[in-house]
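Thanks for coming, everyone. Let me show you the structure, and then we can walk through it.

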Amino acid sequence: MRHFLLLMLSVLALNVSAEDLNASFLSEKSSVPYYEQGFDTTDSFSTWSLQSSNYYYTWYISEGLSGGISFKSIDPASENSLAIDYAYGQDLDETITSPEITIRNNSTVEFYNYFSPVWLYEASWTFYATDVATGDTVQFLNQFRWANTVGYDETKWTKFSFDLDRIEGKTVTFSFRYQGNGGTDQLIDGFKVVELSDAADSKIELFEGESVQFIDNSTGNVTSWNWEFEGGTPSTSTEQNPTVRYDKAGTYNVKLTVSDGTSTTSATREGYVEVKQQQPNALIGMPEEGYLSPFAAVFIPTNVPVQFRDLSTGNPTSWLWTFKGVDPETTTEQNPTVTYKEKGIYSLSLEATNEAGTDSDAMLYAVQAGGAQYIWNLEIGESENLEKVALGWYGNYAGTNWLGITAFAEKFKKPLATAEIDSVNIYFISNTTVTPDATITVSIRNADATTGAPGEVLASGSFKAGDIAYSDDTFLATSVKLNTTAQVNDEFFVVIEGMPNNTDEETYASDDLAIACVRRDVGQKTTTWQLVEDQDSYGNPLGTSQWFENVDDPVSMAVCPVITYDKEDIPTSISNATNNAVKSAQDDNIYTIEGVRVQNPTKPGIYIKNGKKFIVR
């Protein structure tokens, strides 16, 4: 009888477990709309009220912009969009306001906007809500300030979404107020107020390439999860709360099967994920085999094939590259290989296209083929992040230190052709010294075939610590002429040694030299090595040293050897190393240090105007 009772209890427990087991899931991005406006018809448009200061230039509904720009790329069923046009010489103050809407808990408002950011300083919109009962307003976005803050430089449909926690339970209207003179053509569409919900009819809306986390909401003693994601990456998962990326437009199902070790049950949401296609974001990838340079995006020899890479996002399906200095000058390959036959500085562009539209990226005077140029290991845009790498009480990396580091080395990859080096520029970010006569030595060295560390000395030069060039306003080069020309055919190093350290003060600031560096996260690109003294257990040097690659704190130094691929004269200063694009530019043209022309330099970094550098901090 006892065994029979135990058996019955076990069966009952299994039945209870099976009955309680229920598969369920949701996502923080799932929502149900309770107000929608597509601006597709005159009747729907008339439900919004218009306050206008200009009869001819105000908000209206339009099929789209020239060039086939319409909301159909996001929603194929769309007929029209809310629009306002560029109005040169017209002072505008145009407000369009929604009907009254009562805001539920856990709500967001969202819409799509198509515009070019170039002319927002002339005219742009603000988006705000007004409490019907009190007249109080809550501003969600100033378009011009937003574009400047995030550095927005695209022209495509952009989705905006705002939490409505501040106005929950209130009845409000939403308004777009467009003010200014001139401006740019703009479209707004897909306006929705949605409630975050796990209701059966809720959906998840994403752009191609976006990710979403699914949250297990099952009941019972769940011990395993098996997810199936139609159209997702990964397509399956056994995690409890997996994150999935969707790369292709479409409407997709999600299925979850859970188990308690004995029973299983499943839940499927049909059409739960809706992925929208968007216009690509075109992005040129420069040849990785070339050298990076402060004055050109890439430096390569002539008559050597190099490959440009398409780094565009948004799933483009076709490409149009336009080059100068190569034959042919156009190609529709995604990742073309080209050869520059003649020395010069060249521009290029890329148009990336899919069904949602076309985007372009251009690099002005970005490629230098042949001749002589300064090179370094900083990626495009990283010069904005040059800094002193301070090591607390122990001094500086790439400078004065109390860690027994007697030399620092910057490693460079193999040149694409036999190259020569006869000088080096070093950019210091601190030049404080009580030892101005101390000699600092710079050498070009081969990489040791066995260890990869700095090896044979090919050429060297030196300067005094007191001769380090420095300015609070810009980065100045300390130029070092080598005692002979170094010929390089393989990986090589620029080694700097002899940084003085002659102070016993507690502040350790009397000798405080440091080379400007870019510091990266652990695991990212690193190009520096350091020569470290061997010490006994008391910290006393043993008279020997070892080279170590800096993998713990990835850094690149602002150290620029001059590479020449021919017998041309090598430039000796920043001003005459400036590329031809800057030399021939009009007085009002400003370029980044990578050679890209900018209209208004707002980001911190080094810029060039009239062949001279200046810095924005």
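Start with a definition: rings of Phe, Tyr and Trp (its six-membered ring) pair if their centres lie within 6.5 Å; planes under 30 degrees apart count as stacked, over 60 as edge-to-face and the rest as tilted. By that rule, the structure holds 50 aromatic pairs. Take Trp321 and Phe323: their ring centres are 5.8 Å apart and their planes are at 0°, so this pair is stacked. Both Trp321 and Phe323 are buried. Buried means under 20% relative accessible area, exposed over 50%, and partly exposed in between, using a 1.4 Å probe and protein chains only.

Some ground rules. This is a predicted model, where local features need pLDDT of at least 70 and side-chain atom pairs count only at pLDDT 80 or more, while totals for chains, interfaces and linings use all residues. Residues are numbered from 1 along each chain as its sequence is written, and side-chain values use heavy atoms, with hydrogens and water left out.

Now the overall picture. The protein chain has five helices and 47 strands. Those are DSSP runs, numbered from the N terminus: helices are H or I with at least four residues, strands are E with at least two. Of the 617 residues in the protein chain, 50% are buried. The chain exposes about 29000 Å², and carbon and sulfur atoms supply 46% of that. Accessible areas here come from the Shrake-Rupley method with a 1.4 Å probe; for residues, only the protein chains shown count as cover.

Next, contacts, meaning heavy atoms within 4.5 Å. Take those in the protein chain between residues at least 6 apart in sequence: 74% join residues at least 24 apart.

What about the inside? A nonpolar core is a set of buried Ala, Val, Leu, Ile, Met, Phe, Trp, Tyr and Cys residues joined through side-chain atoms within 4.5 Å. The largest one has 38 residues, and those with the most contacts inside it include Ile426, Ile444 and Phe492. Strand S33, residues 419-432, gives the most to this core, with five residues. Apart from it lies another core, of 37 residues, among them Trp59, Ile101, Phe115 and Phe140.

Back to Phe492. Leaving aside neighbours within four places in sequence, its contacts include Tyr291, Ile375, Ile421, Ile444 and Ile563.

Now two sheets. Two strands pair if DSSP finds at least two bridges between them. S23 and S30 (residues 357-369) pair in the parallel sense over three bridges. There, Ile300 stands opposite Ala369 in S30.

Another open sheet of five strands has the order S14-S21-S20-S16-S18, again with mixed pairing. S14 (204-207) and S18 (236-237) are the edges, and each pairs on one side only. S16 (residues 224-229) and S18 pair in the antiparallel sense over two bridges. Trp227 stands opposite Ser237 in S18.

Last, two single residues. Which rings does the charged end of Arg269 sit over? The ring of Phe25, 5.7 Å from its centre, and the ring of Tyr272, 4.5 Å from its centre. The test is NZ of Lys or CZ of Arg within 6 Å of the ring centre and within 35 degrees of the ring normal.

Then Ser98. Ser98 lies in the loop between S6 (87-97) and S7 (101-102). Is Ser98 buried or exposed? Buried, because its relative accessible area is 4%. Beyond neighbours within four places in sequence, Ser98 is in contact with Trp48, Thr173 and Phe174.
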